[in-house]
Amino acid sequence: MTASTHPEHDHFDEDALAKVRSLIKDVRVVMLTSVDQDGGLVSRPMALQEVEFDGDLWFFSEVDAPKVANVRATPQVNVACTDDSVWVSLKGQADIVDDPDKKEELWNPFVESWFTSGPRDATIVLIRVHTESAEYWTSPGTVVTALSMVKAKVTGGTPDVGDNEIVNLEG
């Protein structure tokens, strides 16, 4: 993997945002990790709402869910996304949004299957994650990776198994 782990390689620009957007565009279920009341990390699957990624991620939740209490107490979260040969880890600050118009805007049949009372229900809130940075790994696929590993073994080189980069998503 090519790595960009030095701070001088951390950068923000529209290309970085567009790259992350393209990597997560088809991901629908992610793992949201928050800090619980004892300081431990807790991860849970969450349905990512289908909006064009502009640096914010949106999720629906019940207002009395433990994850909402976790976010209110400690807003630092991580969102892990994966799709085929792509892995993205997004670090950010979460907050709870109780905006009926935003809930209406994001409402869809998948959400309705979980929350049957509709978007105007006061017991439903949104979790917004404002991402600060992302680290991603891409792989050219299983066959190409395997061939690269065989070639590296034969030549004594290092296999090219994809790209790894850290990008700053705050302007």
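Predicted model: local features only at pLDDT ≥ 70, side-chain atom pairs only at ≥ 80, totals over all residues.
**Surface**

I then checked burial: of the 171 residues in the protein, 41% are buried.

**Layout**

I listed the secondary structure and found five helices and seven strands. Along the sequence they follow the pattern α-β-β-β-α-β-β-α-α-β-α-β. I also looked at contacts between residues at least 6 apart in sequence, and 68% of these join residues at least 24 apart.

**Nonpolar cores**

Which residues have the most contacts inside the largest nonpolar core? I found Leu 57, Phe 59, Val 79, Val 88, Leu 90, Ile 127 and Val 129, in a core of 31 residues. Among the elements that give two or more residues to this core are helix 1 (14–24), strand 1 (29–35), strand 3 and helix 2 (66–73). Strand 4 (76–83), strand 5 (86–97) and strand 6 also belong on that list. I noted a second, separate core of nine residues, which includes Val 97, Leu 106, Ile 124 and Leu 126. As background, nonpolar side chains in soluble globular proteins tend to be buried together.

I searched the whole structure for aromatic pairs and found two. Phe 60 lies in strand 3 (residues 56–62), while Trp 107 is in the loop between helix 3 (100–106) and helix 4 (109–114), so the pair ties together parts that are 47 residues apart in sequence.

Phe 60 also pairs with Phe 115: the centres are 6.4 Å apart and the planes are at 40°, so this pair is tilted. Here too distant parts of the chain are linked, since Phe 115 sits in the loop between helix 4 and strand 6 (124–138), 55 residues from Phe 60. I wrote down Phe 60, Trp 107 and Phe 115 as one aromatic cluster.

The relative accessible area of Phe 60 is 6%. Phe 115 has 15% relative accessibility and counts as buried, because the cut-off is under 20%.

**A charge over a ring**

My last entry concerns Trp 58. The charged end of Lys 102 sits over the ring of Trp 58, 4.7 Å from the ring's centre.

Terms used. Residues numbered from 1 in each chain as written. Heavy atoms only, no water. Phe/Tyr/Trp six-rings, centres within 6.5 Å; stacked < 30°, edge-to-face > 60°. Helix = DSSP H or I, 4+ residues; strand = E, 2+ residues; numbered from the N terminus. Buried < 20%, exposed > 50% of the residue type's maximum accessible area, 1.4 Å probe, protein only. Lys NZ or Arg CZ within 6 Å of the ring centre and 35° of its normal. Contact = heavy atoms within 4.5 Å. Core = buried A, V, L, I, M, F, W, Y, C linked by side-chain atoms within 4.5 Å.
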